[in-house]
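Subject: Structure handover

Hello,

Here is the structure for your set. Please open it next to this note; the findings follow below.

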Amino acid sequence: MKKAVTAKKASVKEANEPSPSKLIDGRIKELGDWRGEMLARIRGLIKQADPDVVEEWKWRGVPVWEHDGIICTGETYKDVVKLTFAKGAALDDPAGLFNSSLDGNVRRAIDIREGEKIDEKALKALIRAAVQLNASKAKKKPAKRSA
């Protein structure tokens, strides 16, 4: 009986919390400077590249975009907006967008500084490639059995 009450409390709590999209809206507004504008621009490009993207809010306040797994995160720091691709090391980057976290085995990141331009076409291609990679890995996983 306790489990049912706990589950009910959790669902009520979740129902009262803002959606991840609303939290990302709030972060953009809260920043109120070039970083907020850049995060909003990146968000728009991600949605253009993958209309089925799911927005999440993880790790105490990090916008995350997912499709069959994490595509990328959008972190904001004092001097950069960092777009970290969860499986970036496995992606081709012909435009050379990745400029951070280059030594890791899995992730790659794009640090964008104030005044820098985004190669929108290349970024959308990178996002689509990340979605394809996630989808190919999701297809290979065996279906979970229900108990």
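**Helix pair α2 and α3**

Helices α2 and α3 pack with their axes 7 Å apart, at an angle of about 145°. Axes here are lines fitted to C-alpha atoms, for helices over the stretch in contact, and angles run from 0 to 180 degrees between N-to-C directions. Helices (H or I, at least four residues) and strands (E, at least two) are DSSP runs, numbered from the N terminus.

On the α2 side, the contact uses Ser21, Ile24, Asp25, Arg27, Ile28 and Leu31. On the α3 side, Arg35, Gly36, Leu39, Ala40 and Arg43 take part. Contact means heavy atoms within 4.5 Å. By class, the residues of this contact are five nonpolar, two polar and four charged. The classes are: Ala, Val, Leu, Ile, Met, Phe, Trp, Tyr, Cys and Pro nonpolar; Asp, Glu, Lys and Arg charged; the others, Gly among them, polar.

**Ground rules**

This is a predicted model: local features need pLDDT of at least 70, side-chain atom pairs count only at pLDDT 80 or more, and totals for chains, interfaces and linings use all residues. Residues are numbered from 1 along each chain as its sequence is written, and side-chain values use heavy atoms, with hydrogens and water left out.

**The sheet**

Five strands make an open sheet, ordered β1-β2-β3-β4-β5, with antiparallel pairing. Its edge strands are β1 (54-58) and β5, each of which pairs on one side only. From one strand to the next, the twist averages 20°. Two strands pair if DSSP finds at least two bridges between them.

Now the individual pairs. β1 and β2 run antiparallel and are joined by five bridges. Glu56 has Val64 in β2 as its bridge partner. The hairpin of β1 and β2 has three residues between the strands, and Trp59 there takes a positive phi near 50°. β4 and β5 also pair in the antiparallel sense, over six bridges. Val80 has Arg113 in β5 as its bridge partner.

**Helices against the sheet**

α3 lies across β1, β2 (62-66), β3, β4 and β5. It runs at about 30° to β4.

Helix α4 covers residues 120-140. Its 21 residues should span 30 Å at 1.5 Å a residue, and the end C-alpha atoms are 31 Å apart, which agrees. The expected span is 1.5 Å times one less than the number of residues.

Which residues of α4 are buried? They are Ala122, Leu123, Lys124, Leu126, Ile127, Ala130, Val131, Leu133, Asn134 and Ala135. Buried means under 20% relative accessible area, exposed over 50%, partly exposed in between (1.4 Å probe, protein chains only). What do the buried residues of α4 pack against? Their partners are α3 (34-49), β3 (70-76), β4 (80-85) and β5 (108-113).

**Salt bridges**

A salt bridge is a side-chain nitrogen of Lys or Arg within 4 Å of a carboxyl oxygen of Asp or Glu. The count by this rule is eight. Details on some of them:

- Lys82 and Asp111: the closest N and O atoms are 2.8 Å apart. Lys82 sits in strand β4 and Asp111 in strand β5, so the pair ties together parts 29 residues apart in sequence. Lys82 is buried at 14% relative accessible area, and Asp111 is buried at 11%.
- A network: Asp25, Arg43, Lys47 and Glu55 are joined by salt bridges that share partners.
- Arg35 and Asp33: the closest N and O atoms are 3.0 Å apart. Arg35 is buried, at 16%. Asp33 is partly exposed, at 24%.
- Glu30 and Arg27: the N to O distance is 3.5 Å. These residues are three apart in helix α2 (residues 20-31), so about one helical turn separates them. Glu30 counts as exposed because its relative accessibility is 60%. Arg27 counts as buried because its value is 16%.

**The loop between β3 and β4**

Lys78 is found in this loop. Lys78 is exposed, with a relative accessible area of 72%. Leaving aside neighbours within four places in sequence, Lys78 is in contact with Trp34 and Arg35.

Best regards
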